[in-house]
Amino acid sequence: MEKTWRWFGKNDKITLPMLRQIGVEGIVTALHSIPNGEVWPLDAIKDMKEFIELHGLRWSVVESLPVSESIKYGGPDRDQLIENYKISLANLGKAGIKTVCYNFMPVIDWIRTDLEHPWEDGTSSLYFDKIRFAYFDCYILKRPNAEKDYTADEMAKVHELDKVITEKEKDDLIDTIIVKTQGFVNGNIKEGDLNPVSIFNGLLKKYDGINKDALRENLRYFLSAIMPVCNEYHINMCIHPDDPPYAVLGLPRIITSGEDIQWFLDAVDNPHNGLTFCAGSLSAGLHNDVPELARRFAHRTHFVHLRSTEATPDGNFIEASHLEGRGHLIKLIRIFEKERPDVPMRVDHGRLMLDDKDKGYNPGYSFHGRMLALAQVEGMMAVVRG
Ligand code: DNO
């Protein structure tokens with residue numbers, strides 16, 4: 001697989017010359033300054049591509065060309081937004097960029113409750129704590145009937161937490177769940193937005209009455225509309241699985257399991273309609289056997305995210321070492337190196353380690369942590385290639 005790296009553009013503290021030195025071949029990036037829903041102009045795409053090439057690298061993958069909320073809930077302006085999306089895709093195609101990652105998660109992209117969960121060795125990882133998340137849902141968002149989505153035992157723990165949680169911890173929870181993890185992935189809430197909780201609750205309301213089937217139909221509608229452009233420019237669309245892979249906050253999630261992925265591939269049965277195989281996201285669901293999914297869906301996988309988690313029956317999960325956990329990366333690398341040797345692969349997230357701390361990196365996107373993971377993945381790839 002091609003060794004790629006997620007780079008956040010010219011303001012990223014991790015520079016392209018640094019990435020050359022550590023053996024990166026391709027870049028995964030987006031035009032982050034263009035607001036969600038607006039067209040990506042051809043000139044801006046070409047500028048970014050040339051900048052990357054000037055450093056001896058190539059722009060391998062767009063992550064993400066974000067899908068506007070209104071396309072997901074089927075708002076009145078969705079056709080206009082889909083038209084804009086098609087123009088952006090055509091412009092990417094004209095510039096020769098053919099792999100596009102996106103997701104179809106309503107309101108909130110990936111979810112974590114703790115950005116620096118400590119390991120004994122002094123490093124830290126991203127973490128999801130079900131009780132803290134339930135607290136956010138029931139006590140901070142105050143979502144109507146939220147408590148019905150949790151067991152009595154979980155709710156008892158949530159009420160206990162309410163007795164001891166500090167105001168600072170509450171603010172941190174809000175900041176982590178809906179601000180810090182969302183803004184940099186072109187999410188709905190950015191650093192500096194006033195009153196993120198009320199913006200967030202407003203967005204949740206847009207999904208009143210949208211169940212799993214309705215969301216599926218909106219995804220089918222979107223994909224059917226963009227496939228002609230993908231056919232014309234040979235663009236592979238790669239949906240990112242939901243992270244974590246189950247319904248949250250009363251919102252449906254539709255790329256969570258083998259059954260969902262099968263539905264998605266059949267709904268629009270075109271080779272350009274494919275998958276970002278994100279091992280980390282899929283592994284956070286105890287219902288998923290990640291190597292089995294890789295075997296089953298390698299033929300429609302156009303982009304691979306290598307990461308692993310340890311998940312527990314109480315619904316918590318931690319981002320594990322790339323050599324351990326439910327992702328089984330050695331098995332995955334064996335499968336993808338055989339079935340899809342040319343697809344781009346990026347190491348997804350890394351621990352915060354050495355002098356990564358306080359550098360202001362986006363959560364999960366540390367330098368040393370990811371560099372270590374890349375070295376581990378390269379080692380696995382070399383062994384598998386023999
Ligand atoms: C987080 C990422 C996601 C991902 C998007 C793709 O680290 O895995 O934010 O980039 O969901 O659209």
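The structure is a predicted model.

**Strand β12 and its partners**

- Strand β1 (residues 2–6) pairs with β12 in the parallel sense, over 3 bridges.
- Strand β9 (residues 301–306) also runs parallel to β12 and is joined to it over 3 bridges.
- M345 of β12 is the bridge partner of K3, and V304 stands opposite M345.

**Helix α12**

- The buried residues of helix α12 (residues 290–297) include V290, P291, L293, A294 and F297.
- Seen down the helix axis, these buried residues fall within an arc of 160°, so they line one face of α12.
- The buried residues of α12 pack against the helices α10 (258–267), α11 (279–283) and α13 (329–339), and against the strands β8 (273–278) and β9.

**Ligand site**

- The ligand is surrounded by 13 residues, of which the closest are E63, S64, N103, H349 and Y365.
- A polar side-chain atom of Y365 lies 2.7 Å from an oxygen atom of the ligand.
- For D109, a polar side-chain atom is 3.0 Å from a ligand oxygen atom.
- An N or O atom in the side chain of R6 is 3.0 Å from an oxygen atom of the ligand.

Note on methods: Residues are numbered from 1 along each chain as its sequence is written. This is a predicted model: local features need pLDDT of at least 70, side-chain atom pairs count only at pLDDT 80 or more; totals for chains, interfaces and linings use all residues. Side-chain values use heavy atoms; hydrogens and water are left out. Two strands pair if DSSP finds at least two bridges between them. Helices (H or I, at least four residues) and strands (E, at least two) are DSSP runs, numbered from the N terminus. Buried means under 20% relative accessible area, exposed over 50%, partly exposed in between (1.4 Å probe, protein chains only). The arc is that of the directions from the helix axis to the C-beta atoms. Contact means heavy atoms within 4.5 Å. A residue is near a molecule or strand if one of its heavy atoms lies within 4 Å of it. A polar contact is a pair of N or O atoms within 3.5 Å; within protein, one must be able to donate a hydrogen and the other to accept it, and residues adjacent in sequence count only if both atoms are side-chain atoms.
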